[in-house]
Number of protein chains: 4
Amino acid sequence: MLYFLSDYTEGAHPQVLRHLMDVNMVSLPGYGDDPHTEAAKAKIRAACGRDDLQIWFLTGGTQTNQIAIDSMLRSYEGVIAADTGHINIHEAGAIEYSGHRVLPIPHVEGKLLAADLDRYMTEFLNDEVREHLVQPGMVYISHPTEFGTLYSKAELTALSETCRRYGLPLYMDGARLGYGLMSPATDVTLADIVALCDLFYIGGTKVGALCGEALVFTRGNMPPHFLTTVKQHGALLAKTRLVSQQFDALFTDDLYFKISRHAIDLAMELKAACLAKGYELLMDSPTNQQFVILSKEQMERLRQNVQFNLWQWLPDGRVAVRFATSWATREEDVQALIALL
Amino acid sequence: MLYFLSDYTEGAHPQVLRHLMDVNMVSLPGYGDDPHTEAAKAKIRAACGRDDLQIWFLTGGTQTNQIAIDSMLRSYEGVIAADTGHINIHEAGAIEYSGHRVLPIPHVEGKLLAADLDRYMTEFLNDEVREHLVQPGMVYISHPTEFGTLYSKAELTALSETCRRYGLPLYMDGARLGYGLMSPATDVTLADIVALCDLFYIGGTKVGALCGEALVFTRGNMPPHFLTTVKQHGALLAKTRLVSQQFDALFTDDLYFKISRHAIDLAMELKAACLAKGYELLMDSPTNQQFVILSKEQMERLRQNVQFNLWQWLPDGRVAVRFATSWATREEDVQALIALL
Amino acid sequence: MLYFLSDYTEGAHPQVLRHLMDVNMVSLPGYGDDPHTEAAKAKIRAACGRDDLQIWFLTGGTQTNQIAIDSMLRSYEGVIAADTGHINIHEAGAIEYSGHRVLPIPHVEGKLLAADLDRYMTEFLNDEVREHLVQPGMVYISHPTEFGTLYSKAELTALSETCRRYGLPLYMDGARLGYGLMSPATDVTLADIVALCDLFYIGGTKVGALCGEALVFTRGNMPPHFLTTVKQHGALLAKTRLVSQQFDALFTDDLYFKISRHAIDLAMELKAACLAKGYELLMDSPTNQQFVILSKEQMERLRQNVQFNLWQWLPDGRVAVRFATSWATREEDVQALIALL
Amino acid sequence: MLYFLSDYTEGAHPQVLRHLMDVNMVSLPGYGDDPHTEAAKAKIRAACGRDDLQIWFLTGGTQTNQIAIDSMLRSYEGVIAADTGHINIHEAGAIEYSGHRVLPIPHVEGKLLAADLDRYMTEFLNDEVREHLVQPGMVYISHPTEFGTLYSKAELTALSETCRRYGLPLYMDGARLGYGLMSPATDVTLADIVALCDLFYIGGTKVGALCGEALVFTRGNMPPHFLTTVKQHGALLAKTRLVSQQFDALFTDDLYFKISRHAIDLAMELKAACLAKGYELLMDSPTNQQFVILSKEQMERLRQNVQFNLWQWLPDGRVAVRFATSWATREEDVQALIALL
């Protein structure tokens, strides 16, 4: 069986696991107050080119989104997101659980565009009864989006400027950030993200870690008593070392970027092969998720040897499927998949 | 430096880490739907002697308490606990964050006694305006308690019977359960806990795992859509394998119990040495946490070579300190500590 | 100045206020445990033709919606509503504050149609990752809707049947219920609502009361400890008599229905006059809210003598305005308004 | 039957109800944006001697406590209160429902003393793991307390200074404020409360109104978007006039103070008579609630003709009962009660 189901089906990159083994029996204080956590933060700051970033390690994406959003919002505020945003669909109401509404705006290829945000805010501010509405308090985007698409630097800059005009912090969900940064199609760097976002997270779970996300505050804007907030949400690991040591390994010798690049190279190889064989794509994804349109028969035949994600039935009876590559995907498996297509 | 600060200062037991390495590159579906998770559950069920237990793997103690309690209570209900209970003090308001009050009852050596629960419930039910009060909806205990003490089988049986009389599910926080079960002073077995509690968790973070707790429902009483609830709380790991594979290792060849016994043996050795040297104990703990009374000078001298926890200043100017042993404590370190005392 | 701004701009119907005066100095126990509250419930039960209804008096619409929905849902559930539903827009996130998501479905003239609900639920149940989504737990509708429109008996029956097929309680927001029941265009009776809905509320604030809504449970399905829930939400009046005595007056000698009919008669008179004068309507409302399309100039001229609600600018530069009649509207004011149009 | 059960058993003072009648048919915009609401605020500001106070009208005490506390606290903060405080007992968990813990400190006759607060905060700030605790965010007191007792000006000043030293806003629950201000035993004036508290509420429900409390912010510290917060809590009346017009009447010609004085005079008459007849008091209350100790037989005999509150059984088999006078109590009823004692 070939595995292209998702980018979180294996454990951790071997170098990550090896680092955990190397420091396993070192005695360290709990809750993040240890030199390994400091080392990981220092390496992330170096990769970002900014030594003043505030960083916190958490275990998963939904948890990070919930805490980032809940800690930044006042209780009467909601978070604006593209209607396809992960927080608006696949997080089981984690934002509402923390008392806040997700304020959806129609997406364009999974993206929230500056012009649409501007229109939304203009209408909101012109609404005479806006005090009866949830107050918009921040903006959520994902990069890559849930469709594997990417903001251009121009799009991200425009969005950032619009957010600042309206006093809305801009938060980027980077569950697959490595795959976005290493795409040949992107002109957005990690430094750009630091400059344009108020907070964002660097995803580890889908990029080589057993678990873990690094939440980064770029303006000295980490809310006070953040440890208390994290604990209150049930998200404080006694052994924060588990996450920080993994990020220490991922940000040593550019491992995070190298393994992301690996996944992208294989995804591009797969895309090129699909196009060469005459397959249509649901959309032109520049990242590690490729959306290919198959006939029902093709899909069912392929299923016998390959695990993939059935994404969406099309009106004409065909079906879009998702193949995800990752840091763990092997070159020979991509070749085998191409041969089967 | 000698480390007796807590039982979560090292990584994982080597066999646990080795198992993670062995299965690292196996492709598995996410969110717990994999054979390793099933294997871990099967081994826990076998250790409990019951094949019908419902089990869920979570990452930490506060998270497990929050989800267990929030998912069992109706919104107008609160949870009864000893006033020294972890949820009433050191969890940063995680229970209140989920909308529920902790209803404290004065403790006896960290324990909640059946007679005190009975008195509380009698008063509650006799209160003419009890509909204006938070309704008691379940009972929380920890075993071992925050003071290292243990319920006797008689105490636990009486508490369980009182809970059933009032229709209150009994929940046991087993963050250090292994250390409780392996104490020479206990007459409570894992099978007793299964029989007497409605739900409990087997702690991994403090007993050999990098992270992880196994929440066990003993009456077919896992709330419906529990995955959704876990996701909503931000607690669903994409790679649930991280926790379940660790429990798989811990419950292979009785590893969980052997390493717990190791910690207990060293703790008893330390206790005996302290008593032999004429030290007083703050209380007679039968588990891996030992509370020893020192003079201020003794404490400060010891601090230069040993890390331990300053527990409580006494009215007479002396101080109670806590030495915690764990699965990771070395026999030679205990000897070195004894020599320094 | 003529007032057609809304249906809550005056105090209470004089008979309601007179009843408050008559019983003002009677000593009564608080919190609803009094004969006046029982009398009001009995009269509402009689009007509904069912002596087994459970009834609770609350002060306002948003409060009633929040408590009704929060008390019926499990914590992992959300409430389905038309995207134009009051809870989805003008309640400042009161549902999310209680931890639940509003699950919007596109409306048809403010209504949620059975076929659309069926499609939504079919897609939900076919979604392989539906456990990662908010679970649909009940259905909210308003009748009349926010646009003044009404469900036909056939529509309401179909919706009710669809709800039952999927195990979803159906809840009707009856903020303006009297105006809906007295419309000449309706074939839905109060008995129909009792038969087809699992819970609903009879609005008082907009129909003759100073404040107050009567929440009705039709299946013996009032959640246990409902007083505690109401108190927990800060919604329990010490003097519940304030609301129940008003409902006692409103349901004596059909006052509620008579004053609703009065508002409807005047609204129909206004509508007929508008149509006769050649005005277009934004939609054909059969209730006390009339939506008339004016030119910008007409609107501005009218504003000098009439208070009304600017509803919506049209793409062609014209504007839809809302005229609301109520129990308090005077025949001569409607004539004066017609003369000004 | 004589009624001394509580101070909320009748409707409204006749002058309050008359004012509601007088302005009943005036058309006013909803949600507090009307001249009557402004007039009521102006009169309260005049009574307080400060023209810069921010004032909001709400319907009940628990609602006001919940909104005042929730809107002032950050999500990781809790509210300190005497353990006998209303929010800690009889509000069904309304504070926890909003996500915050009540942090109880042992009371002295229902009061929270500055020295006890100082000790609590000193211990908190010296706790090395205080980031794992709920952060104290404000202080709640009631005046009169739940036992009818009053803070002296010295006590209130000391408490206020302690609060400011620790950066804790001081909030006073004034459900029975009028009865406290008119006690012959008090040296605390309304101006003192304005000067010493950061926010407080003037209770109407128990002092002559059908419903209603006036929440006062004394430092320009009303949180932004307060209307949105009130709406989100389900507490925004469409007809805010209902409450503001009542306060307009209560603060015209000192009505609030006159009717409070009436209740106090009768309570003092009752107390003097009890003492003269040799009854013991549970505590020496200077306000409208009198706590008298009876034998079981006396209590049962009295019950046949008088409604009162059974407060507490004493260890010796006697019982403390509460007689509450109010604005509505008649002189002849007090005489009749005295005759029966």
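**Chain A against chain C**

I looked up the area buried between chain A and chain C in this predicted model: about 1,400 Å² (accessible area lost on putting two parts together, 1.4 Å probe, summed over both). Carbon and sulfur atoms give 47% of that area. A:His90, A:Glu96 and A:Arg101 supply 39% of what chain A buries against chain C, more than any other three residues.

I then checked salt bridges (side-chain nitrogen of Lys or Arg within 4 Å of a carboxyl oxygen of Asp or Glu). Chain A and chain C share two. In one of them, A:Arg101 pairs with C:Glu96, with the closest N and O atoms 2.7 Å apart.

**Chain B against chain A**

Here I found a buried area of about 4,100 Å², with 61% from carbon and sulfur atoms. In chain B, B:Tyr97, B:Gln232 and B:Lys239 lose the most area to chain A, together 18% of what that side buries.

I took contact as heavy atoms within 4.5 Å. Chain B gives 45 residues to the contact, and chain A gives 45 residues.

**Conventions**

I noted that residues are numbered from 1 along each chain as its sequence is written, and that chains are lettered from A and ligands numbered from 1 in the order in which they are written. Local features need pLDDT of at least 70, side-chain atom pairs count only at pLDDT 80 or more, and totals for chains, interfaces and linings use all residues, while side-chain values use heavy atoms, leaving out hydrogens and water.
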